[in-house]
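Please have a look at it before reading my entries.

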Amino acid sequence: MKIIVCVKRVVDYNIKVRPKADNSGVDIASVKMSMNPFDEIAVEAAVRLKEAGQASEVVAVSMGVAQCQDTLRSALAMGADRALLVETDAELQPLAVAKLAKSIAEREQADLVLLGKQAIDDDCNQTGQMLAALLGCGQASFACDLQVDEDGLTVSREIDGGVQSVRLKLPAVVTTDLRLNEPRYVKLPNIMKAKKKPLERLSPEELNVDVSPRLTLLRASEPPRRQAGIKVADAAELVAKLRNEAKVI
């Protein structure tokens, strides 16, 4: 079984993002970037399947600017066999990413595509679902457990009411949730080995994919600041304020 893992370069989750001065988008100049945490979980899941002898190859894939190589090297250091970068300076929206991933999955004849359920920068939660639709294959989103057998996959997925188990035949697309696993700590020797692993570069034109944006961002701004709370003397005063000032009861 060949596994493709899609990884995205995003602003590190420890960094507080701020809008640009003209509110045209998020300011990412000179900020620390890292792999999307949900995609990191997907890489860990793929590597574990290979270590268990259930996968023959793990290919890490990213789309974006040249600096995405660093993200791919992180995936290689975790245990991916090789990497593929679709290099472009264009703004890549979920549909464009799904189209690129479809072309790569067909080119590589992948049996399983793993990716995070969403990216922490745009929170769209759309790419995996779009990819499955474009490929015409089964999908399981929000995976918290993944088991492979001869007949396909058994995926436990988190839903509002608890956990739902679904069966999938290969090829399939699975998006990972937080509780699927805890990504490993990458050791220095593996980081050094990752520098020697193959990393192929392609362009959207070579894949014959139109990545033109379909959506327009009108404005990016910080949420309004929350007002400070107040203390009340007793329950009667609380009820009075809720009724007369907040008007919620």
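My entries below go from the whole chain to single residues.

**Ground rules.** I am working with a predicted model, where local features need pLDDT of at least 70, side-chain atom pairs count only at pLDDT 80 or more, and totals for chains, interfaces and linings use all residues. Residues are numbered from 1 along each chain as its sequence is written, and side-chain values use heavy atoms, with hydrogens and water left out.

**Whole chain.** I found six helices and 13 strands in the protein chain; these are DSSP runs numbered from the N terminus, with helices being H or I of at least four residues and strands E of at least two. The C-alpha trace spans about 65 × 45 × 40 Å along its principal axes. Of the 249 residues, 43% count as buried. Here buried means under 20% relative accessible area, exposed over 50%, and partly exposed in between (1.4 Å probe, protein chains only).

**Second largest pocket.** I looked up a pocket next: on a 1 Å grid over the protein atoms alone, it is an open set of points where a 1.4 Å probe fits, with protein on both sides within 12 Å along at least five of seven lines, and lining residues have an atom within 4 Å of a point. The second largest pocket holds about 480 Å³ of space, the volume being the space filled by probe spheres set on the points, which are joined across faces, edges and corners. Its lining has 18 residues, and Met33, Ser34, Met35, Glu40 and Ser74 lie nearest the centre. Strand 5 (33–35), helix 1 (37–51) and helix 2 (68–78) each supply at least two lining residues, and helix 2 gives the most, with four.

Is Ser34 buried or exposed? Ser34 counts as buried, at 19% relative accessibility, and lies in strand 5. I also checked Ser34 against Arg157: they are 123 residues apart along the chain, and their C-alpha atoms are separated by 26 Å.

Most residues other than glycine have a negative phi, and most peptide bonds are trans. I noted a cis peptide bond between Leu170 and Pro171, with omega about 0 degrees; Pro171 sits in the loop between strand 11 (162–168) and strand 12 (172–176). Asn23 has a positive phi of about 60 degrees, and so does Asn208, also about 60 degrees. Asn23 is in the loop between strand 3 (18–19) and strand 4 (26–27) and is buried at 18%. Asn208 is in the loop between strand 13 (199–202) and helix 6 and is exposed at 72%.

**Salt bridges.** How many salt bridges does a search of the whole structure find? There are 20, each a side-chain nitrogen of Lys or Arg within 4 Å of a carboxyl oxygen of Asp or Glu. Lys102 pairs with Glu106, the closest N and O atoms being 3.1 Å apart. Both lie in helix 3 (residues 94–108), four residues apart, about one turn of the helix. Arg107 bridges to Glu108 at 3.5 Å between the closest N and O atoms; Arg107 is partly exposed at 40%, while Glu108 is buried at 8%. Lys241 forms a salt bridge with Glu245, with 3.2 Å between the closest N and O atoms. Salt bridges that share partners also join Lys2, Glu57, Arg82, Arg107, Glu108 and Glu200 into one network.
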